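Thanks for passing this one along. Here are my notes, for you to read beside the model.

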Amino acid sequence: MATPIVRRNDSQPSQSKTPTKVNSLPLVTRRLAAWTVEMTLVVASGFIPLGLGAYVNSRSDINRVPLNPVLVVTERAIARPLALPVSYGIRNVAWPTNYLWMLALIAPVTLSWWQLYLLAKTGSTLPKRWFGVRVVNEQGKAPGLGGATAREGIGRLSIPVSIAYILWRYSFAFPNLGLFTFLAVLMVLGESIALPSRQGRRALHDWLAGTEAIDAKRPNGRGALVKNNEPEAPAAATEATLAPITAGETKFPTLWRQVRQNSNLTLFVVTLASMTAVLAALIGTQIYIQKQQNQRETTQVNSQKFLELVKQLSPNSGASLEERQSTILAMGGLNDDQSIQFLADLLVNETNPVLLNSIQQALTTVGIPAIPELKNKNQFLGNELQSAAPQERESWQKRLQLNQQTINKILNVYSGKINGIDLTRTTLSQTSTTGSSSFNLVLENIDLSGLKLKSADLNQASFKGSRFRSVGEDGRWDTYDDAIADLTQVQMKQANLTDANLSRVLLTGSDLSRASLNRANLESARLIGANLSSAQLVGADLQGAVLENASLTGADLGDAKLNEANLYAARLGRVIAIGTQLSFANLTKTDWQGADLSGAYLDHANLSNANLSTSRMTGAVLRSAQLENADLRNADLSFADLRGANVAGADFKDTILAPTKQDPADQFVQTPDTGTVSAVVKGVDFSQAKNLDTKQLAYICTQGGIHPRCP
């Protein structure tokens, strides 16, 4: 009897069904697509909350809190290898931003480890399953955690990115981060595609981990190793190829197996490396011992010389004034700790003006190493002066002034070599008001880059034309190793900083009231909570500066550049800001009451919840500015350009929108022809503005503004 033939219904599911369009693609293409999706998911998990955090941070109605310390540490850790200018100090952000940016930090790490775990246990991540790709080891099983880590972490990312980083770091492309990103992507793609493109070749990450990527949709998987343009091998041949691999057989050599196969060469390399290491250790030890011995001998000789010089300076030595001067100068040449301490003490106790001059000269010869001891004496003298009785104050003032003069001389002589020198909490301001006997710190036109002056007293000092920032060892601006001074909480009342370079300098909480900062470079400087009341900032460059909660009451900002600056909740009452550039600046919750902003550029600025009452904004450019809930009561907006501005919730009570007819007798202020105001409010939506009176509405409607009451 004939065996009946059973035919499968085409509508029934079957593994032999024609492959989908995705699974018909070449394996190399599907591997690349799966990897691209994996990386896209990881990158998106970080960039989406990062972007949301930045957006929330730009909102004006959210309370500000200090940036999470974990984010500060992470920022610095990333900035150093990538040569990015790090944001020094704590800055304030909107409170949801902290959580979103922490999510941007945690999400990519979590997703990466989850994908690595799936790859280790099943041989496929979700994207690999979608594209029908599976990773197996030589036994045809999932690679395990060790194999997956070696494949993805070391072979696929660490080695290519490290090569790209070395090429970028020591080439003309440094510190262009865009070129490094391009080079890193190129290396990763080259490692993943170039080698496997040839038949029988695997990428470095597969060779290193002893794995291979197979077609998970084909029977027995490894059939995918056949070229797409060649007929598939017969079933018998495929089965023979995929026979179980015994303990002594391997299909693909791994790094460990190659080492075992070349044991003699490996033994020679290991022996040579061991001998080299032992020889280097012996030579290094000998050099270290010799160096220590030379140092001890030098210290002993200097100690003997020091004792002899001290004897010559004793009251009973009988030395003449000239001999004592020579002895003091000789002691400065020793340049060791005990001689520096002795000279610093002698500067405090000596009364002879001639010898005092020699002591200062000797300490200046010592130079930078004398600063720490002079700093200690400065703090001691400052404390003594504070607690001294009235009859003793003059004596302590003279001693402190001698100390200050010595520090002043050293900083002038060693300009450009003081990076990292710590003068924290030193008193370098006037301590006396008795005419010529008072001290004035003068450090003009010198390089003070990297000097630490945190909480120092520098009132009435002159830093005209001096530089507080310079390039670091790499010789490039705006990188991590830039030498930048620390002026946190410094006292610089009435200081002269005209033409000074304070770019990116940390001035958080500093007192610069009544200081002269005309034409100073304060680009990207951090002035959080700083006091700049009545300061002169004419023509100063404050682009990108951070002035959150700063006080600029009564300051002169004429022609200053504050583009993209952050002045959140800053106090700017009675400020003179004629012609000041504030484009794209964050002016949320700022107080400009009574300020003069005539001709100021405020286009695209965020003035939400700002207090602009009684301010003069004649001719100001407010195109596309955010004026939500701004207080514009009694403000003068005549001739201002409000096109594209958002004035929802703004208070226009008694606001001047149209200029009154000028008195011919008033020749001091010249107003332009009234015909020029025809486009001031054209297209601006005043529907949600507050306290608009009949006269204002009439003007808005006739000039092309938008309001429900307009005909």
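Predicted model: local features only at pLDDT ≥ 70, side-chain atom pairs only at ≥ 80, totals over all residues.

1. Residues are numbered from 1 along each chain as its sequence is written, and side-chain values use heavy atoms, leaving out hydrogens and water.

2. How many salt bridges are there? The count comes to 19, taking a salt bridge as a side-chain nitrogen of Lys or Arg within 4 Å of a carboxyl oxygen of Asp or Glu. Arg31, Arg151, Glu152, Arg156 and Asp206 are linked in a network of them.

3. Do look at Lys128 and Glu38, whose closest N and O atoms are 2.8 Å apart in a salt bridge. Lys128 is in helix H4 (residues 126-130) and Glu38 in helix H1 (residues 27-57), so the pair ties together parts 90 residues apart in sequence; helices here are DSSP runs of H or I, at least four residues, and strands are runs of E, at least two, numbered from the N terminus. Lys128 is buried, at 4% relative accessible area, and Glu38 is buried at 3% (buried is under 20%, exposed over 50%, partly exposed in between, with a 1.4 Å probe and protein chains only).

4. Arg469 and Asp482 form another salt bridge, with closest N and O atoms 3.0 Å apart. Arg469 sits in strand S5 (residues 469-470) and Asp482 in the loop between S5 and strand S6 (483-484). Both Arg469 and Asp482 are buried.

5. Asp511 and Lys493 also meet in a salt bridge, at 3.8 Å from N to O. Asp511 is buried, at 11% relative accessible area, whereas Lys493 is partly exposed at 30%.
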